[in-house]
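Today I opened a new model and went through it piece by piece. These are my notes.

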Amino acid sequence: MPSIAESRSPPTSISAGDVSSPYKRRLRSNSDLIDGLVLNTPINSCSQLKIKSPRRCVSDSPGRTRANVENGDACSLTRMKISAKKKLLDSFLDKPIWNPTDSDQSSAVKEALHVSTAPSMIVCREDEQKRIVEFCKQSLEQKKSGSLYICGCPGTGKSLSMENVKGCLAVWAKETGGQPLDILDILCTSLSSTSEIFNKILKRSKPNKKVNGRSTPLRQLQQMYSQQQQSSDKKMMLVVADELDYLITKDREVLHDLFMLTTLPFSEVILIGIANAIDLADRFLPKLQSLNCKPLVVSFRAYSMEQIIIILKQRLMALPYIVFQPQALELCARKVAAASGDMRKALGICRGAIEMLETELKETIYTSTLTSMVRVDHMAIALSRAYKLPIVDTIQNLPQHQQIVLCSAVRLFRKGKKDTTIGELNKFYIDICKSTLIPPLGIIDISCICRVLSDQGILKLGQSRDDKLRRVTLQVDEADIIFALQGIRFFKNCLQ
Ligand SMILES: Nc1ncnc2c1ncn2[C@@H]1O[C@H](COP(=O)(O)OP(=O)(O)O)[C@@H](O)[C@H]1O
Ligand SMILES: [Mg+2]
């Protein structure tokens, strides 16, 4: 069996509205990251973010390297960690609310949330990165060829983590005084043909060698790695093949040949293949195993809601103001985690929600000094646009009194009940109407509304001669109703 090194990071139990605790807990458990990977991270995105992160000022101190950290600079390291944590927390506690009409602020926020802006620190992927770094270090130190297979759904931070890993390895190679790293990056989708990958590897391993027209690049590589090289010093090459799915769909043979290159007796290739297909390990590893080639597997699990919140907050931390209501970030994280756990999607939706706020402000008169956070209703609209959930659309397009009835049902069921009667539902309906100054409809109309909602498959009605006593249950997920109604401003207060 292939050795599967899965992410074991437990979901942190946090409330998304709680600004300090997720960071406190996360930082405690991620202290290694602060000490190690991040200290050497090549991703200096804060320069792109325009505003220097308080955390980065701490971890960026010139001259501080992994080596002197490991060599017992424990005291100052602890101080540094405490100070980093404190600054991280402070950055959330004492910030003013942003001004969305300020174009500088608006573009800084959008940039911080842009997928192509590398974060100043990669959180929630410490274990995976460590495993990849360890594999590479070991293979490089022992000059041992081998293969690692990274898989996970799109947007789970595979490519981003690999970038960080490469930076860490470059620093490590420099510090240990070994040979400079030879890394060959291949984006498989940009290959003109699948077998071009062997051409690239051949060219890199023997840059001065004349291309032998009679033999294929694969054949030449196989020959080369099957016999002792002339120079006694083995020079390892790290081949990072991203978007490996392209090779699988096009030509599975190529994939096998590629991994098999690492098993030849004099191979100098350390192969890291990165793919989105998560069932690939099952589909293609048994075959590789039967060919006596067993890549180590690191799988990147879809981000959980808690992880998405942490990542979003980390990206927003560098900004000197607050942009989102915590509940809005929580809603985004909850929906994205339930749908796909794709961070790219979460970032896009947050940017979409900012645009919702901006459009709203353009339509109001007092825009000159407005400070306003992105709210849950902005986020709900951005989410429903991104996912186009049919039930959400349906609920959002219902007449207002039908929506109020649904809102009453949600409030009623929140109190722990599983079902109710039309009569009881009517009482809650009247309460909402009173609090929102809307004249309520009569009980006959409410019964009629319940039948309509039942026909639409949103409510389920029981039988009774007396309409008021008919039992009512929800036929759709309560969360979907909340989600849909949160996108409508009128219901903002009713649902809190
Ligand atoms: N742990 C993380 N911290 C910060 N941003 C992240 C993280 N994971 C993903 N992202 C964001 O999501 C984007 C997509 O991640 P990426 O590594 O390209 O996904 P994959 O390669 O798994 O499809 C990244 O460019 C980055 O902006
Ligand atoms: Mg990728």
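What share of the contacts between residues at least 6 apart in sequence join residues at least 24 apart? I got 79% for the chain. Two residues count as in contact if their C-beta atoms, placed from the backbone, lie within 7 Å.

**Ground rules.** This is a predicted model, where local features need pLDDT of at least 70, side-chain atom pairs count only at pLDDT 80 or more, and totals for chains, interfaces and linings use all residues. Residues are numbered from 1 along each chain as its sequence is written, while chains are lettered from A and ligands numbered from 1 in the order in which they are written.

**Confidence.** I checked pLDDT next, which is the predictor's confidence in each residue, from 0 to 100. The chain has a mean of 79, and 77% of its residues reach 70 or more. Over residues 1-85 the pLDDT is below 50, and this stretch has 135 contacts in the model beyond near neighbours in sequence.

**Overview.** I found 23 helices and nine strands in the chain. Helices (H or I, at least four residues) and strands (E, at least two) are DSSP runs, numbered from the N terminus. Of the 496 residues in the chain, 38% are buried. Buried means that 20 or more other C-beta atoms lie within 10 Å of a residue's own, exposed means 12 or fewer, and partly exposed is in between, with C-beta atoms placed from the backbone.

**Strand E4.** I picked E4 (residues 237-242), where five of the six residues are buried. Among the elements of the chain, E4 also has the highest mean pLDDT (97), while helix H3 (residues 46-49) has the lowest (29). Two strands pair if DSSP finds at least two bridges between them. Strand E3 (residues 183-187) runs parallel to E4, with five bridges between them; Leu-184 has Val-239 as its bridge partner in E4. E4 is also joined by five bridges to strand E5 (residues 269-275), again parallel, and there Leu-238 has Ile-270 as its partner.

**Another sheet.** I also looked at an open sheet of three strands in the order E7-E9-E8, with antiparallel pairing. Its edge strands are E7 (420-421) and E8 (459-461), each pairing on one side only. Two bridges join E7 to E9 (residues 471-474), and Thr-421 has Arg-471 as its bridge partner.

**Around ligand 1.** How many residues surround ligand 1? I got 17, with Gly-157, Lys-158, Ser-159, Leu-160 and Met-343 the closest. A residue is near a molecule if its C-beta atom, placed from the backbone, lies within 6 Å of it. Helices H9 (158-175) and H17 (343-363) each give two or more residues to this shell, and the largest share, three residues, comes from H9.

**Cores.** A nonpolar core is a set of buried Ala, Val, Leu, Ile, Met, Phe, Trp, Tyr and Cys residues joined through C-beta atoms within 7 Å. The largest has 69 residues, and Ala-346 is one of those with the most contacts inside it. H17 gives the most to this core, with eight residues. Ala-346 touches Ile-308, Leu-312, Cys-332, Ala-333 and Val-336, not counting residues up to four places away in sequence. A second, separate core has 46 residues, including Cys-168 and Tyr-246.

**One loop residue.** Asn-99 sits in the loop between helix H6 (74-93) and helix H7 (103-112). Why does Asn-99 count as partly exposed? Because 18 other C-beta atoms lie within 10 Å.
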